[in-house]
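Take a first look at the model below. The text then walks through its parts and how they touch.

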Amino acid sequence: MADTTALIELKKVVDRFIFKYKLPDEDFVNYFEHAADCVRDLTVHAISSYHETAVTVSALGVLTMPSDMLSLIGVALAYKGELWYFTEKQYMVIQTAVADQLPSDYNSNWSSYGVTGGANIYYFRVDWEDRKIYIDGAEGEDVQLQYISSGLDLAAPTTVPAIATPAIDAHLRWAQGEIEGKSINEQMKRERKYENEVRLLKLQSLPALREIRDYFLSMTSQAIQR
Amino acid sequence: MTKAEIVSFVSNNLKKVDKTNKYHARVIESAITLAFNQGYSDIFDKDPRLLDNYTKTYGGGGTPIAITADANTSIYTSTLPEQYVPFRDKNSGVRSVATVAQSAFKLYPMAKREFEIFPNTLSGELNANDPRGYYTVRSNTLEYFGVASVAAAGVRMDIVIPFDKYASTDVVLIPFGKDMQLITAVIEVLRSMPAVDLKDNNADTQ
C-alpha cells in the first residue's frame, strides 16, 4: 500500500487550506501569494532543503550565481568521490573596472605573517551586488555549488515538503486575519500559532539519531576491554 | 416547482382587480424576480458557498462554452450564456467556472484590478509553468488569464440567473426557508397595484 507523497504542490496546499477552513474560493490568488512568500521564508529559516548543482567556473575565475540563489552554503571540488571545500577569502580584491575578471596580480599564496599548518589552495569570494562568486584555484573547472534556493520553482510546479503544511496553513490563517481585519488579539494569536508551527518544523532539520550516534562514536577512542 | 407553477401559484393568489382578473405575466415574473434576488442575497450573506445550490449549469452536455483570444488585447474571453444576478464578491453571479471534464486544472475568480496586476505578482510569475486559470467577471463576458492549455476544449459554468430567465418548464428552487416569505412578498408587491375598476361587480356570486 502506497502512502501519500512527501512533497506536495504549493497550489494544492492553498486549495486544501480553502477547503479545510470552508472559505470561498474568490481569494485563492491572494492566499497563494501569501503562501509563496511563506515558502520562501521557510526555505531560508526552517526547511532544510538546499540545492547542489555542478557549475563551470569561467576561465577568468568567475561563477555567476543561479538566479534563485538566496544564500551560499559552500563551493567545492569533487575529487576522488569526495568534496573538497573552498575557503572564503574576504580580502580577495574584486576588480570592478574590468567586468568578470580577477586582478591579474592576484596570488593566493601571499602571506604576510608566519603560516602554520596546511593552507587551502582553493578560495572564493562572494560579490552579492553583482551576484558573482570569484574563484581562485579552479578556473575553467566544474565545481559543486551548494546554496539555499528561494524554493519557488519557475520551471515546474513548486513543491514543498508535506510536513510544512501546518506552518503554511498557520501563515495563511494569520494573513486571513489581517485581510479580514480581525482584532489585534486574534492576529497575535495566529502569529504565535505560526511561530510555533515553524518551531516544530525546524525539528525535522535536526540530525537523525543515527548521525548523532556516528558523531559520538567518532569522538571516542576504542580499546579492547580487559 | 417549475417556473410556470410558481407563476401560476402567485397568479391564483392575487386579489381580483377587475372582471378579467388578469395580471400581465411579465409583471408577475418581474415581481418574483425581485423577491428571488432578495432571497439569493440573504443566502449570500449567510454563506456565499450556499449559492451553489441555486445555480444553473451551462456548457455541460457536450456543448462547452467557447473561449477565444481577443485579436487586439490577446485576452481570452467567453461570452456569458445568460445574464447573472450580481453579488458583492469577485464571482458575482458566475459562481464557478471549470474545465468541461473534471480535472486538476482549476479556475479561480479575480477582481478586475487584480487581473491587471497579476503578471507582476509572485503568483503571476509562478503561473507560467504551473498554470492555474483565473477569470474576472464582466457584465456579459468573462476574461481569463492562464487558460491557453484549456481554451480549445472550452469550459462549463454555474450561474445564478434571474428568475425571469428560466424556461417555463425549468425547475426553480426557492431559496431555502424563504418559501412563504418570498411568495408573500411577491403578492404584496402586486397587491399594491390599484384596481382599475373599483366597482364591486367582480364577484362570482353575491
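The C-alpha centres of domain 1 and domain 2 of chain A lie 33 Å apart. Domain 1 of chain A covers 7-48 + 151-219, and domain 2 of chain A covers 51-109 + 117-149. Such bounds come from an automatic or database domain assignment.

This is a predicted model, in which local features need pLDDT of at least 70 and side-chain atom pairs count only at pLDDT 80 or more, while totals for chains, interfaces and linings use all residues. Residues are numbered from 1 along each chain as its sequence is written, and chains are lettered from A and ligands numbered from 1 in the order in which they are written.

Chain A holds five helices and 10 strands. These are DSSP runs, numbered from the N terminus: helices are H or I with at least four residues, strands E with at least two. Chain A has 226 residues, and 24% of them count as buried (20 or more other C-beta atoms, placed from the backbone, within 10 Å of a residue's own).

Now turn to chain B. Its domain 1 spans 1-54 + 163-194 and its domain 2 spans 56-159. Their C-alpha centres lie 31 Å apart. Seven residues of domain 1 of chain B are in contact with seven of domain 2 of chain B (C-beta atoms, placed from the backbone, within 7 Å). The domain 1 side of that contact has four nonpolar residues, one polar and two charged. Here Ala, Val, Leu, Ile, Met, Phe, Trp, Tyr, Cys and Pro count as nonpolar, Asp, Glu, Lys and Arg as charged, and the others, Gly among them, as polar.

Where do the chains meet? Chain A gives 16 residues to the contact and chain B gives 19. Helix α2 (residues 28-45) of chain A supplies the largest share of the chain A side, six residues. That side divides into 10 nonpolar, one polar and five charged residues.

Key:
Contact = placed C-beta atoms within 7 Å. Buried ≥ 20, exposed ≤ 12 C-beta atoms within 10 Å, placed from the backbone.
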